[in-house]
Amino acid sequence: MVKAVAREPVPARRADAERDIAAILEAGTRLLSADPAAGVAEIAREAGVGSVTLYAHFPTREALVDAVLDHTVDLADAAIEDDSVDSAPPPEAMEELLRSSWEALDRHRRVFLAADRTLPTERIREHHERPLRRVQQLIARGRRAGDFRTDLPLQWLVTAFFAIVHSVAQEREAGRLSPDEVEKVLVTTMLSLLRPPSKKRG
């Protein structure tokens, strides 16, 4: 008679794995937010797991940074949820969206620097598709209302939003922008870009 081999229940293994992944992502977010060059071994120690466990879930540093970026964007997206984006006059809504986006980004801007150094630009953009849809909807509403320009493609304006916010984060990290300058630079630059040419002349 063949003796049955005792096996750990699959749901228990899955729960353990989910806890490990959550701990790794939280540790990765903390450490990369402090130092974009933080290594895999440091993140494993911070998460309270072994390197073997970490590599079982994230086989390369690139995969880990990719997952931490996704986690960070989820946190930032939740932080900028605001009904006023759909109801306030478009210029006011854009100003508020820029402010709340920057507040969320500033807390984790070094994660984005780590991603810039590790991941292809297109992959970083893919992670932002969800929050950028909100930006696209707002710009489209502003165009319909006559508040935002229509002489440039909508997708280009969305890309400009993405590029401006991330460029500001890089300038802030490099010390070329002070904390007090950031909001004014963001709001003035983006609203100037979005303003219809006729209103600029006026």
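The model is predicted, so local features need pLDDT of at least 70 and side-chain atom pairs count only at pLDDT 80 or more, while totals for chains, interfaces and linings use all residues. Residues are numbered from 1 along each chain as its sequence is written, and side-chain values use heavy atoms, with hydrogens and water left out.

The protein chain holds 12 helices and 0 strands, where helices (H or I, at least four residues) and strands (E, at least two) are DSSP runs numbered from the N terminus. Of its 202 residues, 42% are buried; buried means under 20% relative accessible area, exposed over 50%, and partly exposed in between, with a 1.4 Å probe and protein chains only. Among contacts (heavy atoms within 4.5 Å) with a separation of 6 or more, 71% join residues 24 or more positions apart.

Helix 10 contributes L157, A160, F161, I164, V165, V168 and R172 to the contact, and helix 11 contributes P179, V182, V185, L186, T189, M190, L193 and L194. By class, this contact has 13 nonpolar residues, 1 polar and 1 charged, with Ala, Val, Leu, Ile, Met, Phe, Trp, Tyr, Cys and Pro taken as nonpolar, Asp, Glu, Lys and Arg as charged, and the others, Gly among them, as polar.

Helix 2 (residues 40-47) has V40, I43, A44 and A47 buried. These residues lie on the same side of helix 2 because they cover an arc of only 100 degrees around the axis, the arc being that of the directions from the helix axis to the C-beta atoms. Just after helix 2, G48 takes a positive phi of about 75 degrees.

Two charged residues are also worth a look. R125, in helix 8 (residues 121-127), is buried with a relative accessible area of 13%. Leaving aside residues up to four places away in sequence, R125 touches L132, Q155, V158, T159 and F162. R125 and F162 are 37 residues apart in sequence and 8.2 Å apart in space, C-alpha to C-alpha. E92, in helix 6 (residues 90-107), is exposed, with a relative accessible area of 51%.
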